Every structure is written in C-alpha cells, then in structure tokens.
Amino acid sequence: MIAMMLLLAGWSLLACSQPKQFNRIVRHGHLSTSGRIAARSLGAVLLLAVLAMLVRSEGLAFGALLWACLLSISAMAVALMLAWLPGFTAST
C-alpha cells in the first residue's frame, strides 16, 4: 500500500512539472524553472525508491515484476485523475 501511494505521488509530481498540467491543477499559477526541475527530480526519485524498496523486500525477480505492475496501474490512475479534474473543479 505504501508503494502504491509513493508511486502515485511520484507520477503526480512528474505530471505537475508540466506547465499544462500545473495550470490545470493550480488555476493561473506559474511554476518556475527551478520548481519544475525539483518536481521532476523528486518524482523520479520516488519512482526509483519504490523499486529499491520492493526489490529489497520481495527479491529481485518478484520485486521488479511487482514494481512494473504497480507502476503501470499508478500511471493510469494519475492520468485518469488528471482527465477528470476539469469537470470536478468546475462543479466546486
């Protein structure tokens, strides 16, 4: 469960480092270049940290397989959340 939450956070940071997605989430906001680089770096570190965590706890073969499966599921979840976000924020 912790691995999935960290993967969701990593993908969310990677998505928020893109100007279009950042403006979609934070209306009329501006993300500086250093903020964009920091978000991308932290997102990538989170994704790789989960790989290390799963390999350490489950072993190399199953840990890498589990990471790949959770990576794709969490990426799809973030993509779906970003796709539904404009409709959700328009009603609030």
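Visitor: How many helices and strands does the protein have?
Guide: This is a predicted model, in which local features need pLDDT of at least 70, side-chain atom pairs count only at pLDDT 80 or more, and totals for chains, interfaces and linings use all residues. Residues are numbered from 1 along each chain as its sequence is written, and side-chain values use heavy atoms, with hydrogens and water left out. Helices (H or I, at least four residues) and strands (E, at least two) are DSSP runs numbered from the N terminus. The protein comes to 4 helices and 0 strands.

Visitor: Which pattern does the protein follow along the sequence?
Guide: The secondary structure holds 4 helices and 0 strands. Read along the sequence, the pattern is α-α-α-α.

Visitor: Are α1 and α3 roughly parallel or roughly antiparallel to each other?
Guide: Helix α1 covers residues 2-16 and helix α3 residues 33-58; their axes are 7 Å apart, at an angle of about 155°. Axes are lines fitted to C-alpha atoms, for helices over the stretch in contact, and angles run from 0 to 180 degrees between N-to-C directions. Angles under 35 degrees count as roughly parallel, over 145 as roughly antiparallel, 65 to 115 as roughly perpendicular and the rest as oblique. The two helices, α1 and α3, are therefore roughly antiparallel.

Visitor: Is Leu47 buried or exposed?
Guide: Leu47 lies in helix α3. Buried means under 20% relative accessible area, exposed over 50%, and partly exposed in between (1.4 Å probe, protein chains only). Leu47 has a relative accessible area of 9%, so Leu47 is buried.

Visitor: Which residues make the nonpolar surface patch of about 370 Å²?
Guide: Like charges are joined within 9 Å, and nonpolar side chains (Val, Leu, Ile, Met, Phe, Trp, Tyr) within 5 Å; accessible areas come from the Shrake-Rupley method with a 1.4 Å probe, and for residues only the protein chains shown count as cover. Trp84, in helix α4 (residues 60-90), counts as exposed at 63% relative accessibility. The patch is made by Met76, Leu80 and Trp84.

Terms used:
Patch = residues over 30% accessible without salt bridge, like charges linked within 9 Å, V, L, I, M, F, W, Y side chains within 5 Å. Salt bridge = Lys/Arg side-chain N within 4 Å of Asp/Glu carboxyl O.
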